[in-house]
Amino acid sequence: MKRVGIFGGSFDPVHTGHVEAVNSFLDSGLIDEVWILLTPTPPHKTDQKQAGFSHRLKMLQLVFSDHDNLQISDLEKDLPTPSYTLQTIRHLKEEYPENLFFLCIGEDSLESFHKWYKYNEILDECTLLVVNRPGFDHSRVDSKILENTIFVDHQPLDISSTQIREGECKNYSIPDAVRSYIQDHNLYQTD
C-alpha cells in the first residue's frame, strides 16, 4: 500500500512553517507522499475573512510546484460544507482503497484535536502524524489521541498565518513567490 499523509488547512497564506512541516513529514520515512488539501470553509474559522480559494490555491502551487512526492488538491471544494476532516478522510479512503492514509497536523492542532468534529471517528480511520510547534505541551492531550499519534522529528518555526495577515511577520516567514503574489493581488491589505 502507498502511505499517504493528508495535510489540510486554509493556508491563508501558505508560509515557511508549512513548507518545513511538509519536508519533515516526507523526511520521516513514514509516508511515501503528502497530499495538501486546501480547505475552502474551515468549520472553526467561519467568522474570519479569508483570501479567495483560488488565491490560496495559486499560492500553494507557487510554493510546492517543485516538490517531489507531493500533490496539491482542491478536492474539498467539491465536498459538502463545512469541510470536516472526517468527511474528507472517508471520501479519500473510498476513492483510493489501495492507499493507507495518515492525518498530518501540527502540535497546536493536536492540543485542540478533542474539539474537532467527531474526532474519535477520525482516530478510527487513520493515525495522526504530528510535527511540534513552539509553546505547545502534548502532555495535556487525551491519552486515546496520543495512542493514535506518531511524532515526527521537526525543527519548528514560530510562524502563523494570522501574524502574516496582520503584517507581523519577518521576511523569511513567507516564500518569495508568495510575498510577490500577495503584493501583486493586494491580499491582506488593511484600510
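The model is predicted, so local features need pLDDT of at least 70 and side-chain atom pairs count only at pLDDT 80 or more, while totals for chains, interfaces and linings use all residues. Residues are numbered from 1 along each chain as its sequence is written, and side-chain values use heavy atoms, with hydrogens and water left out.

**Overall fold**

- The protein chain holds eight helices and six strands, where helices (H or I, at least four residues) and strands (E, at least two) are DSSP runs numbered from the N terminus.
- Along the sequence, these elements follow the pattern β-α-β-α-β-α-β-α-α-β-α-β-α-α.
- Of the 191 residues in the protein chain, 43% are buried; buried means under 20% relative accessible area, exposed over 50%, and partly exposed in between (1.4 Å probe, protein chains only).
- Among contacts in the protein chain with a separation of 6 or more, 72% join residues 24 or more positions apart, a contact being heavy atoms within 4.5 Å.

**Helix α2**

- Helix α2 (residues 53-64) has twelve residues and spans 17 Å from its first C-alpha to its last, close to the 16 Å expected at 1.5 Å a residue, the expected span being 1.5 Å times one less than the number of residues.
- The buried residues in α2 are Phe53, Arg56, Leu57, Met59, Leu60, Val63 and Phe64.
- Seen down the axis of α2, these buried residues fall within an arc of 160°, so they line one face of the helix; the arc is that of the directions from the helix axis to the C-beta atoms.
- The buried residues of α2 pack against α1 (16-27), β2, β3 (70-73) and α8 (176-184).

**Aromatic pairs**

- A search of the whole structure finds seven aromatic pairs, counted when rings of Phe, Tyr and Trp (its six-membered ring) have centres within 6.5 Å, with planes under 30 degrees apart called stacked, over 60 edge-to-face and the rest tilted.
- The rings of Trp35 and Phe101 have centres 5.5 Å apart and planes at 65°, so this pair is edge-to-face.
- Trp35 lies in strand β2 (residues 33-38) and Phe101 in strand β4 (residues 99-106), so the pair ties together parts that are 66 residues apart in sequence, and both Trp35 and Phe101 are buried.
- Phe113 and Trp116 form a tilted pair, 4.7 Å centre to centre with 45° between the planes; Phe113 is buried at 0% relative accessibility, whereas Trp116 is partly exposed at 23%.
- Phe7, Phe11 and Phe25 are linked into a cluster by ring pairs.
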